[in-house]
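Have the coordinates open and try each task before reading its solution.

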Amino acid sequence: MKKKGFTKLIAALLVVALIGTGCQGQNEGKNAKGDGANNVVEIDFWAAPNPTQQSFWKKMADGYMKEHKNVKIKVSPMPESPSSEAGIQSAIASGHAPVISENISRGFAAQLAASHAIVPLDEFKGFAELISKRQMKETISGWKFADNHQYVLPIYSNAMLFAWRMDVLKELGYDAPPKTYSEVIELGKKLKKKYPDKFLWARADLVKPTWWARWFDFFMLYNAASNGNNFIKGNKFVADDEAGVKTLQFFSDLSKNDLLLTREATDPFENATAIMVDLGPWTFPYWAEKFPEMEFKQNYVLSLPPVPDDVDPNNVKTFADTKGLVIYASATKEQQQAAFDFIKWVYSDANNDLAWFKQTNLPPARDDLSTNEAFASYLAENPQLKQYAENIPNAIPPMDNEKTVEIQELIGKEALNPVVKGQKTADKAWEDMKKAINGVLK
Amino acid sequence: MAGSKKLKTALLYVLAFVVLIIMVFPYLYMILSSLAPWEQVDRKIIPTKLTLRSYEWLFTGGDGVVPRPWLRAFFNSIFVTLSSTVLMLVTAILVGYSLAKLKFKGSRFLNNVILFQMFYPAVILLIPLFLIVRYSGMYDTYWAMILPKAVSLWAIFMYTNFFRSIPDELIEAAKMDGAGQLTIIARIVLPMSKSITTIIFLFLFMERWVELLWDMLVVNNEKMLTLNVLLAQMFGPYGAYPGPMYAASVLLTFPILILFIIFSKNFKEGMQFVLK
Amino acid sequence: MASPYLIYSIIFFLFPLCWAIYLAFTNWNLIAPDYEMVGLQNFIEAFFSKSVRAAFWVTYKFMLMFVPIVIAGSLCLALIIHSLPKLKGLFSVGYFLPYLASGVASAIVVNGVLSYNSPLNTFFRHSFGLDIDWLGSPILAPLIIALMMAWKFMGYYALLFLSGLESIPKEIYEAAEIDGAVGWKRFWHVTVPMLYPSFYTVTILAVGLMFGIFTEPYVLTGGGPDYSTHTWQLEIYNQAFEKLNAGYGTAIAIINSVVTFASILVFRKVLEKWGARHGWE
């Protein structure tokens, strides 16, 4: 009796197992070796979690596959939770890394290179050609790593700017955005007088230790205040103390005057709840869909970050939000070369960069962006993008230290967060942060 | 006096109803927000007009943008949840019956094993189970989501208790008639346990449907994500598009609500049984 | 017939359990090909870690908020349903509906309702001039999550209380009435003590729940602000899967299990003592 029951059970389980295998989802050999007979190489391309970027790469992949029947490129969005970096790390950890991905920052690449998870791109056949065809010599020079190799091919470079609600500024009697710290505070006071419910800057991240958020608040201002002084060089803390403290003091003053909104709010700038915001060009497609009434020069204008009173407000530096492509070491040599060839094909034609620019509004990382004819008409039609393109030389890319995440978290935890919350003075915050960072760098 | 009693009762009903509205308010808010014009989402409680824009956007992604696989995720959720739940029911019935009715050598041992497993917080197993999934190549497959969650100790416990209450004579009688164990289960025991099975099914299904941590860990590929995980991932990036977030939430929530309401009669009967 | 289950248990329970105990003594980080045995280092590190300590206290903080609210709430719901002459079923089902919500979906609603320009906050600002930072305050944030969970579980626990209420024999009430106990008196001195088994079950369930909170803080607050909603599961997830410290993470998981086990044991003993004193076995 029991034996029979047992057998029946095993049979039932087998059936379930068979059905399950039949319905098994897309597990098309993530790192499948090329099929020897037909020599078809399969590549997994991870696009950024930004829908416009995915769309672009899908188009590029389709175009490439038409001309190259022996390559199969699968474009999918990279996992994003808790962050795209963590997603990539866990993919590597579980042996499911793609062949190539975009959205890699300099700091993260440093981490990956240190654990040998990515391969140097300058060792690929055709690298020099790619650089010259895409006019990238200047741009890419800033990306070299300490071992003199290039691990990332930067795709775009956003020279971060601040946007201001020009309509509100006009009401307050300004016809141009303020340029120095005191001017900003003065504007803020006038704002509060007329509109006590409004804020200067709405940014919930100011009180969170989120590491990458520092690019868009602290570093924008620090780069301007220190005129592009490096924060970390190699493994040393080389930041300009005076400029750093002044930057923190600025945040402190903003906070004291109730000019910062640190609560989560939806679209505060678009709703004129806040009149200034750190803005990257990726916002424009978002506005086109959700806030078509935002007009350059009417509702908003763009400017470089404000500077401390004793710094020259002309020729200001800012932060370059720039990311690029890396190729992963876990892929086969065949896959790696195929991926590189794909990229070379894409970037050998300036029109592809133009298509990228049009679709994502992210300025391609080229030396000739503001001079090349191919982009001229597009920039003329979109003067707000022109300002981004023009400021690329003024933008400083992120640090390339392996411990970028921890360092930037410390900037938040020890300095920016407490200063904004009114818990520390600017001097103490800077000292504490410096100590903590030096502790990590050892 | 009769009059004041009626009044009291009426007030009681009003109270009960108000409380009910409060309890289901989040669901109402969810569905209203999913149908509201985008400027009114999270600004007004009741929208002045209704639009399907959020749903449209969810499935077509707006201009020139690749939409997320919401429908695929929905089906993933259904497949994974249903498979897990069925497996949990089957194992629970078989093990519960064995423990309750069959005398065999290891039954005390098995009983103790199960008790031990019940009191052992599952969190310790989280990392090793993840590693098992990763090393056995199950990562990013349906197996990874179903198999490690194919057993519910609670269900085993419930069925064991329930089966214990079935009179042995019934089983003996069937045995006399030459029925094998599985036949006994299928023909006698199962029909008797309709109510409790419904309850257990509903609870297991629902618990599995809203699971986040495990499904998030073992699956990376966007096409394999369950709806719950996909929604959680979109919390940040789609934060600026709250309308479609609500639409996705409705997709996640309302099927369960509807399933539940359809089975509410069985649920009520079953609960009577379980709680007594 | 149960042997497949035993096989399953060995693969998915026993084996991982042993592996976990082994892992907890290593410093493996999920990617590196080599690692070392580090003895008790993980446990010591965890003991001194700010985030692990936070997780420890946060659990009890949630408990303090959640358990009284959910018990009071579900008892009220049960009383309401119990007193209704008709439509009991309708309301039982209705009050149970929140239990079906996914933590993610509820988080979306809560986020929306608490956002800066929502009707709720606009009302507070215009009527009272109050600008409440709901999710940014270390006291309010856990309270919000506790309330979310209470909302979810009230209907479920109400059913447990309801069955308890319905099983109180009428004779007890009649006897009490003879003794002159009516209204509040009757409630406190007759009903509540008779509900002891339900109280016991609900309390233990509620307490046990506190050690496994993950989804709501993960989606809504990320453990903040200042670790005020940083639960055990969140800490384990962070350590093992974000920072890739598998060995350390497992050690924390073990500590978590021990703490959970011990706490529930304490609660049970206390409840049983109380019950014994009032005549329950």
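**Exercise 1.** Work out whether B:Phe260 is buried or exposed.

*Solution.* The model is a predicted one, so keep in mind that every value here is computed from it. Step one: look up the relative accessibility of B:Phe260, which is 3%. Step two: buried means under 20%, so B:Phe260 counts as buried.

**Exercise 2.** Classify the ring pair made by B:Phe260 and C:Phe96, and say where its two members lie.

*Solution.* Begin with the overall tally: over all chains, the structure holds 96 aromatic pairs. For this pair, the ring centres of B:Phe260 and C:Phe96 are 5.2 Å apart and the planes make 25 degrees. Pairing needs centres within 6.5 Å, and planes under 30 degrees apart count as stacked, so this pair is stacked. Now locate the partners: B:Phe260 belongs to helix α13 (residues 242-262) of chain B, while C:Phe96 belongs to helix α4 (residues 88-96) of chain C, so the pair joins two chains. As for C:Phe96, its relative accessibility is 1%, so it counts as buried.

**Exercise 3.** C:Phe96 also pairs with B:Phe267; find the geometry of that pair.

*Solution.* Centre to centre, B:Phe267 and C:Phe96 are 4.8 Å apart, with 40 degrees between the planes. B:Phe267 is buried, at 2% relative accessible area.

**Exercise 4.** Describe the interface of chain C and chain B by its contacts, area and polar pairs.

*Solution.* Start with contacts: 76 residues of chain C touch 78 residues of chain B. Next comes the area: the two chains bury about 6800 Å² between them, with 81% of it on carbon and sulfur atoms.

**Exercise 5.** Find which arginines of chain C lie over the rings of C:Phe47 and C:Tyr116.

*Solution.* C:Arg53 lies over the face of C:Phe47, 5.4 Å from the ring centre. Over the ring of C:Tyr116 you'll find the charged end of C:Arg125, 4.0 Å from the centre.

Key: Residues are numbered from 1 along each chain as its sequence is written. Chains are lettered from A and ligands numbered from 1 in the order in which they are written. This is a predicted model: local features need pLDDT of at least 70, side-chain atom pairs count only at pLDDT 80 or more; totals for chains, interfaces and linings use all residues. Side-chain values use heavy atoms; hydrogens and water are left out. Rings of Phe, Tyr and Trp (its six-membered ring) pair if their centres lie within 6.5 Å; planes under 30 degrees apart count as stacked, over 60 as edge-to-face and the rest as tilted. Helices (H or I, at least four residues) and strands (E, at least two) are DSSP runs, numbered from the N terminus. Buried means under 20% relative accessible area, exposed over 50%, partly exposed in between (1.4 Å probe, protein chains only). A charge sits over a ring if NZ of Lys or CZ of Arg is within 6 Å of the ring centre and within 35 degrees of the ring normal. Contact means heavy atoms within 4.5 Å. Buried area is the accessible area (1.4 Å probe) that two parts lose on being put together, summed over both. A polar contact is a pair of N or O atoms within 3.5 Å; within protein, one must be able to donate a hydrogen and the other to accept it, and residues adjacent in sequence count only if both atoms are side-chain atoms.
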